[in-house]
Amino acid sequence: MNDPDGYFGEPVATTYDESSADMFEPGAVEPAVAFLSDLAGDGRALELGIGTGRIALPLAARGVRVHGIDLSRAMVARLRAKPGGDAIPVSIGDFATTTVESTFSVAYLVFNTIMNLTTQAAQVACFRNVAAHLEPGGCFVIEVGVPDLRGLPPGQNAVPFHVSSTRWSYDVYEVSTQAMSSNYVEVVDGRGEFRSIPFRYVWPAELDLMAEIAGLRPHERWDGWTRESFTNESRKHVSVWRKPAS
Ligand SMILES: C[S@@+](CC[C@H](N)C(=O)[O-])C[C@H]1O[C@@H](n2cnc3c(N)ncnc32)[C@H](O)[C@@H]1O
């Protein structure tokens, strides 16, 4: 991947809001914004991977001062083009290492974006970077899927998630390394196009250990933004770790 915007360059940025339309529905956005706004209180919020502002814009509209970090100038240009988008400061860079001259009462990384860091070392660095930006008592929030290994047929390493006459989408898992990829094959005008995005899947308990390494303590874990219980059947989790107050 040589594009400086990573896997969210111009072609993805152009269609991001439309292709993720269900995640822009009020039912998906409002509970997340309410949850994060409660944690922010009167303080500031840091969004890692701010993208086109799906969460940051409504959070800022509630009066929370939001700062973003993102690798992709193309995604941030879409944020800038929206009402209120110019007022949100964004640092361009890798959220595992980029520093911002401020501290925050909440930092958040939603929509599976922790998995965009494709090594364990980078995910640990991200926790350390966040911890360094949190005020004492501040919180780090992650929304991410539970790895869907139960969907893998015995002896196989691929799980299809969309199959139609012109489009095939499937995840590939490497259980020895926790590398995975989402793969998209599409037939357009009789020609096949292929796109593959690498991820690293990560378990809830492993995230807790990363938090511990970074000096954060487990605070809450839910099945979703409206605080449903996290159970054996949960497909995703919203987890919160807190920086000790002293
Ligand atoms: C799935 S989108 C989520 C955008 C937004 N948070 C949302 O919920 O709609 C992931 C975003 O994270 C950014 N991103 C991915 N890896 C990154 C990294 N290592 N450093 C900074 N930004 C990254 C991408 O450019 C993209 O804008």
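Between which two strands is the loop in which Asp148 lies?

Mentor: Asp148 lies in the loop between strand E5, residues 134-145, and strand E6, residues 158-163. Residues are numbered from 1 along each chain as its sequence is written. The model is predicted, and for that reason local features need pLDDT of at least 70 and side-chain atom pairs count only at pLDDT 80 or more, whereas totals for chains, interfaces and linings use all residues. The labels of elements come from DSSP runs numbered from the N terminus, helices (H or I) having at least four residues and strands (E) at least two.

Asp148 has 15 C-beta neighbours inside 10 Å and therefore counts as partly exposed. The term rests on C-beta atoms placed from the backbone: a residue is buried if 20 or more others lie within 10 Å of its own, exposed if 12 or fewer, and partly exposed in between. Asp148 and Val159 are 11 residues apart in sequence, and their C-alpha atoms are 8.7 Å apart in space.

Arg235 is found in the loop between strand E10 (217-222) and strand E11 (236-242). Arg235 has 9 C-beta neighbours inside 10 Å, so this residue counts as exposed. If neighbours within four places in sequence are left aside, Arg235 is in contact with Gly145 and Val146; two residues are in contact if their C-beta atoms, placed from the backbone, lie within 7 Å. From Met210, Arg235 is 25 residues away in sequence and 21 Å away in space, C-alpha to C-alpha.

Arg62 has its place in the loop between helix H3 (56-61) and strand E2 (65-70). With 12 C-beta neighbours inside 10 Å, Arg62 counts as exposed. Apart from neighbours within four places in sequence, Arg62 is in contact with Val33 and Ser37. Arg62 and Ser37 are 25 residues apart in sequence, and 7.7 Å separates their C-alpha atoms.

The loop between E4 (104-109) and H5 holds Phe111, and Asn112 lies in the loop between E4 and H5 as well. Most residues other than glycine have a negative phi. Phe111, although not a glycine, has a positive phi of about 55°, and Asn112, also not a glycine, has a positive phi of about 65°. Phe111 is partly exposed, with 19 other C-beta atoms within 10 Å. Asn112 has 17 C-beta neighbours inside 10 Å and counts as partly exposed.

A residue within a helix may now be set beside these loop residues. Leu36 lies in helix H2, residues 26-40. Because Leu36 has 26 C-beta neighbours inside 10 Å, this residue counts as buried. Leaving aside neighbours within four places in sequence, Leu36 is in contact with Ala45, Leu59, Val106, Tyr108 and Val141. Leu36 and Val141 are 105 residues apart in sequence, yet 8.2 Å apart in space, C-alpha to C-alpha.

Let us turn to the packing of helices. Two packed helices are described by the angle between their axes and the distance between the axes. The axes of helix H5 (residues 120-133) and helix H6 (residues 204-213) come within 8 Å and cross at roughly 50°. Axes are lines fitted to C-alpha atoms, for helices over the stretch in contact, and angles run from 0 to 180 degrees between N-to-C directions. H5 and H6 are therefore oblique to each other; angles under 35 degrees count as roughly parallel, over 145 as roughly antiparallel, 65 to 115 as roughly perpendicular and the rest as oblique. The contact is made by Gln123, Val124 and Phe127 of H5 and by Met210, Ala211 and Ile213 of H6. By class, the residues of this contact are five nonpolar, one polar and no charged. Here Ala, Val, Leu, Ile, Met, Phe, Trp, Tyr, Cys and Pro count as nonpolar, Asp, Glu, Lys and Arg as charged, and the others, Gly among them, as polar.

Helix H1 (residues 10-19) and helix H4 (residues 73-80) pack at an angle of about 35°, with their axes 8 Å apart. Glu10, Ala13 and Tyr16 of H1 and Ala74, Met75 and Arg78 of H4 make the contact. The residues of the contact of H1 with H4 divide into four nonpolar, no polar and two charged.
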